[in-house]
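Here's a quick briefing for anyone meeting this chain for the first time. Have a look at the sequence and the fold, then read on.

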Amino acid sequence: MIILLNFPAPGKVIDITVPISPSTRVFPGDPEPSIKSVYNLEVDGCAVSKLSFGSHTGTHVDAPSHILKDGKPVDNLELEGLIGRAVILDFSSKTGALSVDILESAFRNAGSPEGITVLLLKTKKPGFQTRARSDLNDADARQTADSGNRKNGEKGEFEESVYLEESTAAWIVNNGFTTIGIDNFSVDSLASENLPAHHILLSNRVNIVECLDLSPVEAGNYFFICLPLKIVGCDGAPARAVLL
C-alpha cells in the first residue's frame with residue numbers, strides 16, 4: 001500500500017500513547033497485561049519477552065469487527081484515515097453526554113483551518129491511569145482464564161467523563177471526519193451495553209481511537225499519526241499515536 005500525504009514541516013513530535021505495562025489499567029473484564037522474560041542476555045545472549053494483553057489495551061484502535069458482524073478487522077483498515085490534520089477540543093470541565101450543539105460550538109470556536117479530518121476529545125478524568133503496585137495482586141487474583149465478561153464488568157470503577165450522543169456521532173459522520181479519538185475507555189457511556197456511537201461511527205468508516213494520553217497537550221491544531229498493530233483478523237489493536 002502506498003499512501004501519499006501532505007505532511008507538515010518537521011517539528012516537535014509529541015507522544016500521546018498510553019504505555020503498556022503490567023500496571024496499565026484496562027476496561028473492566030479485559031485481560032490484564034503481562035510481560036515476561038523468555039530469554040535474557042546473561043544466559044542466552046539476547047533478550048526476548050512474551051507479551052500478553054487484550055486487543056484494546058492502552059491506546060488502541062477499534063476495528064469495525066469489534067461490534068459489527070462482518071466488519072473489517074484491524075489489519076484491513078485504511079491507514080490514511082488515521083493520519084491527518086487534527087484538532088484537540090478540551091471538555092475537561094464537562095461530564096455526561098456531549099450534544100451536537102456543544103461539540104459543534106467548540107469546533108467552530110477552535111478556529112481550525114480547512115482540512116481537519118481528526119477530532120480528539122480531551123476529557124475530565126482519563127480512565128487509563130495506571131494502578132499503584134499495591135493494587136496489582138488483588139486485581140491479578142481476580143483475573144480468570146476466561147476474561148469474556150466485558151459487557152458485565154464493574155464499570156463503576158472508573159469515573160464517567162464526556163461521551164457522544166447518537167446525534168453527535170452522526171454529526172461527526174456527516175461532517176466528513178475520518179477519525180475520532182478520546183482519552184478515556186470509550187466514545188460511548190461506560191454504562192452503555194449497546195454502544196450506539198460505536199455503531200454509527202464504525203458502520204460509516206469513521207475510525208475510533210481510545211485511551212489516548214492528551215494530558216501533555218493543550219487544545220489546538222496538530223497533525224495526527226496513529227498506526228495500529230497489523231494483527232490479522234483482530235477486532236482492534238494497540239497503536240502508537242503521536243502529534244506533530
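The buried residues of helix H4 (residues 166-174) pack against strand E6 (96-98), helix H2 (100-109), strand E7 (116-122), strand E8 (162-164), strand E9 (179-182) and helix H5 (196-202). This is a predicted model, where local features need pLDDT of at least 70, side-chain atom pairs count only at pLDDT 80 or more, and totals for chains, interfaces and linings use all residues. Residues are numbered from 1 along each chain as its sequence is written, and side-chain values use heavy atoms, with hydrogens and water left out.

**Helix H4**
- Thr168, Ala169, Trp171, Ile172 and Val173 are the buried residues here (buried means under 20% relative accessible area, exposed over 50%, partly exposed in between, with a 1.4 Å probe and protein chains only).
- Just after H4 comes Gly176, with a positive phi of about 80°.

**Helix H2**
- Val100, Leu103 and Phe107 are buried in H2.
- Looking down the axis of H2, its buried residues fall within an arc of 75°, so they line one face of the helix (the arc is that of the directions from the helix axis to the C-beta atoms).
- Turned away from that buried side, H2 shows the exposed residues Asp101, Arg108 and Asn109.
- The partners for the buried residues of H2 are strand E5 (83-90), E6, E7 and H4.

**The whole chain**
- There are 5 helices and 12 strands (DSSP runs numbered from the N terminus: helices are H or I, at least four residues, and strands are E, at least two).
- Of the 244 residues in the chain, 46% are buried.
- Among contacts (heavy atoms within 4.5 Å) with a separation of 6 or more, 76% join residues 24 or more positions apart.
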